[in-house]
Amino acid sequence: MPTFPRRRKSGAPKTSRFGRFSRFSRAPRKTDAAARPRRGIYLLPNAFTTAALFGGFYAIVMAMNQRFDQACWAVFIAMVLDGLDGRVARLTNTQSEFGAQYDSLSDMVSFGAAPALVIYEWSLRGLGKLGWIAAFVYCAGAALRLARFNTNIEVVDKRFFQGLPSPAAAALVVGFVMMMTDPEINISPRQADWISWCIALFAGLTMVTNVPFYSFKDVNFRKSVPFIVVFLVALGLALLAIDPPKVLWPLFVLYGLSGYAVYLWRLAKGKPVSIVQTEEEPLDPSERR
């Protein structure tokens, strides 16, 4: 009986003898590599954050070498750089989750560990256990303040900070050290050790309270202002240039006490003391715009 070759079904692909092994040796297509999103970080805002981190590290090194004037100025420079990185990221549209987390870690070093070590090396060391306990309370308060800020950033009233901001707390601590190390004042650390202890404890505890501190985030710098405002800014810069330590520290003391004034004012007017928004807060007729 004659035999005929089998006909292959139309449309079925023709496979080679080694077709079952081809999937192991198939080269990746260019379209596969192009479809994957590239992971990276933005250079410009993170460069400012790195510079702020270096300022905090430099302050720690200078405090260990008993160069407290340079340590205090390094913390203040870190404050300026920390205020710039977020604004640069928003202006250049380079915000990222990596930048936010990196900024928090930089703040912990520059405004948590560095001020605690500066004031401990300057005057708290002589108090023994009470000295390093106050320094630790400040450092732990900064860590808790930053962690709470990251978790409550979506539910907190943008006009206020929940607790004293860590840069302001750092300025309160190192500003006092900077003023006391001024040659014109000439006060030894032993004469101001208990004042330093109270300042470190006050700053550390205020950072973890619910006391509202004005954030200045609703200030519109693009809005026109009267001529007298520009003159007052120039006058303030002139006063700052005369003696920076004696001008800066009283300003930060006033800011550190302003939160308690706002707290008492809201309590007296019957407004919610907590600034975590749980419902829409009605505005006074005088506050409507």
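Helix α4 passes helix α7 in a left-handed crossing. A crossing is left-handed if the near helix is turned anticlockwise from the far one by less than a right angle, and right-handed if clockwise. Helix α4 covers residues 68–91, and α7 covers residues 166–180. Two packed helices are described by the angle between their axes and the distance between the axes. For α4 and α7 the angle is about 155 degrees, and the axes are 9 Å apart. Axes here are lines fitted to C-alpha atoms, for helices over the stretch in contact, with angles running from 0 to 180 degrees between N-to-C directions. The angle makes α4 roughly antiparallel to α7. The cut-offs are under 35 degrees for roughly parallel, over 145 for roughly antiparallel, 65 to 115 for roughly perpendicular, and oblique for the rest.

Which residues of α4 and α7 meet? On the α4 side they are F68, C72, W73, V75, F76, M79 and D82. On the α7 side they are P167, A170, A171, V174, G175, V177 and M178. Contact means heavy atoms within 4.5 Å.

A word on the basis of all this. The model is predicted, so local features need pLDDT of at least 70 and side-chain atom pairs count only at pLDDT 80 or more, while totals for chains, interfaces and linings use all residues. Residues are numbered from 1 along each chain as its sequence is written, and side-chain values use heavy atoms, with hydrogens and water left out.

Now the rings. Rings of Phe, Tyr and Trp (its six-membered ring) pair if their centres lie within 6.5 Å; planes under 30 degrees apart count as stacked, over 60 as edge-to-face and the rest as tilted. By this rule there are 10 aromatic pairs. One of them joins F176 and W249, with 5.4 Å centre to centre and 50 degrees between the planes, a tilted pair. This pair links distant parts of the chain. F176 sits in α7 and W249 in helix α10 (residues 244–268), 73 residues apart. Buried means under 20% relative accessible area, exposed over 50%, and partly exposed in between (1.4 Å probe, protein chains only).

F213 and Y255 form another pair, with ring centres 5.6 Å apart. Their planes stand at 45 degrees, so this pair is tilted. F213 lies in strand β2 (residues 212–214) and Y255 in α10, so the pair ties together parts that are 42 residues apart in sequence. F213 counts as buried at 0% relative accessibility. Y255 counts as buried at 16%.

Ring pairs also link W73, F76 and F252 into a cluster. R266 lies over the face of F160, at 5.5 Å from the ring centre. The rule asks for NZ of Lys or CZ of Arg within 6 Å of the ring centre and within 35 degrees of the ring normal.

Step back to the whole chain. The protein chain has 10 helices and 2 strands. From the N terminus, the order is α-α-α-α-α-α-β-α-α-β-α-α. Helices (H or I, at least four residues) and strands (E, at least two) are DSSP runs, numbered from the N terminus. Buried residues make up 35% of the 289 residues. Among contacts between residues at least 6 apart in sequence, 81% join residues at least 24 apart.

Finally, the loops. S123 is in the loop between α5 (97–122) and α6 (129–151). S123 is buried, with a relative accessible area of 4%. Leaving aside residues up to four places away in sequence, S123 touches P189, A192, D193 and S196.

The loop between α3 (43–64) and α4 holds R67. R67 is partly exposed at 39%. Q66 is in the loop between α3 and α4. Q66 has a positive phi of about 60 degrees although it is not a glycine. Q66 counts as partly exposed at 46%.

N93 lies in the loop between α4 and α5. Its phi is near 55 degrees, a positive value in a residue other than glycine. N93 is exposed, with a relative accessible area of 60%.
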